[in-house]
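Me: I am new to this structure. Please take a close look at a single part and describe what surrounds it.

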Amino acid sequence: MSRLVIISNRVSAPKGSESGAQGGLAVALSSALRQYSGVWFGWSGERTDTFTGDIHFQRDDGVTTATMDLEDQDIDEYYNGYANRTLWPLFHYRVDLAEYEREFAGGYQRVNERFAETVSPLIEPEDVVWIQDYHLFPLGDELRRRGCENRIGFFLHIPWPPRRLLSILPEAQELVRRLFAYDVIGFHTGEWLDSFLDFVTLEMGASVDGDVVTLGTRSVRVLACPIGIDTPEFVDLARSVTARLSYRRTRDSADGRDMIVGVDRLDYSKGLEERFLGYERFLVEHPEERKEVFLLQIAPPSRGAVGSYQRIRNTLEGLSGRINGAYADVDWVPIRYVNQGYGRDTLAGIYRAAKIGLVTPLRDGMNLVAKEYVAAQDPEDPGVLILSRFAGAAAQLTEAILVNPYSAEEVADAILIALRMDRAERIRRWRACMDSIETQDINWWRQQFLDALMLPLSVANPEG
């Protein structure tokens, strides 16, 4: 392998720990590119009147990025449309929110062709290509059609839905067929991998031999490979000057009360409405705890052009206002609801100050906030992670308090258990979770996937 070429929908030039908008995947990909020479290619996030395919190069913090601009129609149909109004809700089991429009599907195909046309000249013969996530399902096939014979891998960062749900998508079989242009497909959990195999075998007649799946003359290797964090780096981040100041400021503002923290994009898949209702149930059932605890919910807005995201924001603003109005006192507010992002070092201090990390998505491919919360804790006096059973991280962090986020009773009970848990039990649970995120960290994830990508298949994929 001469270089690693990573392709994703969006590209964010590394900005260090001060970038509040830089999510876990961005940090993970930047870390991978620092280990290998190469380039990270994708959409700049900017609009252009006419698509030109011009590439903007930048080098920051040891990472070379190459970006292109998209037209308004591309953004509306490909990103706001097919990616976030069709695929995202369907793959997160929200059939009620999924929209199926031919214009969306057409825009999705057009933009994947534009990605392929633009990035192809950057790919050298010995490069390994690693494509990320649901925005770019067809991209490997488009690169093959343009003569790319490189090893190409694809990693899905969201859940793969059950067979019956995926069958609702009009283009489901064609979309899946095109995935067989890849050499390797990675999923976070065995559950998502099994759902993929269920669809391709029962709906499309594929055969499975070990970790290789064959459909017609095409074969692809599949693996479950949960993404991690750069654990040592985040532990160090939690000890930084900024984190220590954030910790002190948060503890001072708590005024002796225990803090519960949630940090999530403002998204219906994160279960924020259900979380608020579970916390309210706790306040109702345990009035003696009311002025001893508060919930800090940090929820930066996302995808504001999509109607369902506007609705969830309005719902949460109304719900937090109602709960605060019903239970607050002159010297205590039960929910601090914040609609802005913070740098990772600031968040590390907030995590460390929290008695409870409340991570309760309704469905999540992984959820790196859960792992960051664990990594930020004081080993001598750690907080307690409450984690949804439906987050990918639950398969690894089995010593967290696992809950059904749809059950307000379970969430309320878990909060009480966490608040009353003795130090020895908190340390035992934390140590087990920490062992997992130290062993299966970001470097492990990257190496597992790249090792699989470099293995030859028993049946070679033909071109196209």
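Reply: Axes here are lines fitted to C-alpha atoms, for helices over the stretch in contact, and angles run from 0 to 180 degrees between N-to-C directions. Helices (H or I, at least four residues) and strands (E, at least two) are DSSP runs, numbered from the N terminus. This is a predicted model, in which local features need pLDDT of at least 70 and side-chain atom pairs count only at pLDDT 80 or more, while totals for chains, interfaces and linings use all residues. Residues are numbered from 1 along each chain as its sequence is written, and side-chain values use heavy atoms, with hydrogens and water left out.

Helix 13 is largely enclosed by the rest of the structure, because eight of its eight residues are buried. Buried means under 20% relative accessible area, exposed over 50%, and partly exposed in between (1.4 Å probe, protein chains only). The buried residues of helix 13 are Leu368, Val369, Ala370, Lys371, Glu372, Tyr373, Val374 and Ala375. At the start of helix 13, Asn367 brings a side-chain oxygen to within 3.2 Å of the backbone nitrogen of Val369.

Six strands make up an open sheet with parallel pairing, in the order 13-12-11-14-15-16. Strand 13 (335–338) and strand 16 (401–403) are at the edges; each has a single partner strand, so one side of each has no neighbour in the sheet. On average, neighbouring strands of this sheet are turned by 20 degrees against each other, direction ignored. Two strands pair if DSSP finds at least two bridges between them. Strands 12 and 13 pair in the parallel sense over four bridges.

Gln297 is part of strand 12 (residues 293–298), and its bridge partner in strand 13 is Tyr337. With 0% relative accessibility, Gln297 counts as buried. Its side chain makes a polar contact with the side chain of Asp264 (3.1 Å). A polar contact is a pair of N or O atoms within 3.5 Å; within protein, one must be able to donate a hydrogen and the other to accept it, and residues adjacent in sequence count only if both atoms are side-chain atoms. Contact in general means heavy atoms within 4.5 Å. Neighbours within four places in sequence left aside, Gln297 is in contact with Gly262, Val263, Asp264, Leu272, Arg275, Phe276, Arg336, Tyr337 and Val338.

Elsewhere there is an open sheet of 10 strands with mixed pairing, in the order 3-4-2-1-5-6-7-10-9-8. Its edge strands, strand 3 (56–60) and strand 8 (207–209), each pair on one side only. From one strand to the next, the twist averages 25 degrees. Strand 7 (residues 184–187) pairs with strand 10 (residues 218–224) in the parallel sense over four bridges, and Ile185 stands opposite Val222 in strand 10. Helix 2 (residues 72–91) lies across strand 1 (4–10), strand 2 (38–47) and strand 4 (63–70), at about 105 degrees to strand 2.
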